[in-house]
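Please read them with the sequence and the structure open.

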Amino acid sequence: MLTRKQYELLMFIHERLKESGVPPSFEEMRVAVDLRSKSGIHRLITALEERGFLRRLPHRARALEVLKLPESVKPSPAAKQRGFNPSVIEGSLGKAQQKQSDPAPDFNATLVPVMGRIAAGVPISAIEDHSHNITIPPEMLSSGEHYALEVQGDSMIDAGILNGDTVLIQKSDAATNGDIVVALVDDEEATLKRLRRKGDSIALEAANPAYETRIFGPDRVRVQGKLVGLIRRY
């Protein structure tokens, strides 16, 4: 799955090729996806290349080959019959060797509020107020309300959750044993941990052997939501 910026850049390159056959410059790409520097464009292109969406062509200045488009981009029936032909984008004034005639993507992203940081380590203060919004592809969302939190700490690395990631949380006050949840301890500390019920106690387990499992009485822990997705920027 692509991040929003990766998706925007890939489709900007693709649409520019369809419109004029002339590729965007790195400055145009930077402005189009609202980045502060061109180095961010280089990182996005590298990430798209690693995921198999783009390929840099050797011995050509700023030449990229579009190998595929995201599944959310639905080609027309005619395009399906003839198959997807990669688009080659020349970095100078050269014309595209091939063009796509697929329609514009139906990318009905949903705005989800980011509610500050969550500790994946030693618990920090309770969840902060709404700071900004992010757009989430609808296929990442389950039923009900959602919010996002920025991860701080490394206690969940064995569950694939890294410091700096953004986690997508489904609002809920209940959880099943083994769920990764946002747990509010003593109405003061918020932490992201795997929840286990042991008799009348609640265990908050880390996914890193460097951290101990913490045990609490049932009246000390309130579930604030369950993990349903993760976003990572490269």
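1. Helices (H or I, at least four residues) and strands (E, at least two) are DSSP runs, numbered from the N terminus. The model is a predicted one: local features need pLDDT of at least 70, side-chain atom pairs count only at pLDDT 80 or more, and totals for chains, interfaces and linings use all residues. Residues are numbered from 1 along each chain as its sequence is written, and side-chain values use heavy atoms, with hydrogens and water left out.

2. The second largest pocket. On a 1 Å grid over the protein atoms alone, a cavity is a set of points where a 1.4 Å probe fits but cannot get out, whereas a pocket is an open set with protein on both sides within 12 Å along at least five of seven lines; lining residues have an atom within 4 Å of a point. Grid points are joined across faces, edges and corners, and a volume is the space filled by probe spheres set on the points. By this account the second largest pocket has a volume of about 240 Å³. Two or more lining residues come from each of α1 (4-20) and α3 (38-50). The largest share, four residues, is from α3.

3. By class, the lining has four nonpolar, three polar and four charged residues. Here Ala, Val, Leu, Ile, Met, Phe, Trp, Tyr, Cys and Pro count as nonpolar, Asp, Glu, Lys and Arg as charged, and the others, Gly among them, as polar.

4. Arg 233. Arg 233 is exposed, because its relative accessibility is 53%; buried means under 20% relative accessible area, exposed over 50%, and partly exposed in between (1.4 Å probe, protein chains only). Thr 166 is 67 residues away from Arg 233 along the chain, yet their C-alpha atoms are separated by 8.7 Å.

5. Strand β7. Ala 119 faces Gln 152 of β7, and Ala 148 is opposite Leu 168 in β8. Five of the seven residues of β7 (residues 146-152) are buried, so the strand is largely enclosed by the rest of the structure.

6. Strand β11. Is β11 mostly buried or exposed? Four of the five residues of β11 (residues 201-205) are buried, so the rest of the structure largely encloses this strand. Antiparallel pairing joins β11 to strand β10 (residues 189-198) by five bridges and to strand β12 (residues 214-216) by three. Arg 196 is opposite Ala 203 of β11, while Leu 204 is opposite Arg 214 of β12. The hairpin of β10 and β11 has two residues between the strands, and Gly 199 there takes a positive phi near 65°.

7. Two residues of β10. Thr 191 lies in this strand and counts as buried because its relative accessibility is 1%. Thr 191 and Leu 204, 13 residues apart in sequence, are 8.9 Å apart from C-alpha to C-alpha. Lys 193 is also found in β10, and at 6% relative accessibility Lys 193 counts as buried too. Between Lys 193 and Asp 179 there are 14 residues of sequence separation and 8.3 Å from C-alpha to C-alpha.

8. Asp 34. This residue lies in the loop between α2 (26-32) and α3. The phi of Asp 34 is near 60°, a positive value in a residue other than glycine. Asp 34 is exposed, with a relative accessible area of 63%.

9. Ring contacts. The charged end of Lys 68 sits over the ring of Phe 53, 4.7 Å from its centre (NZ of Lys or CZ of Arg must be within 6 Å of the ring centre and within 35 degrees of the ring normal).

Definitions and conventions: Two strands pair if DSSP finds at least two bridges between them.
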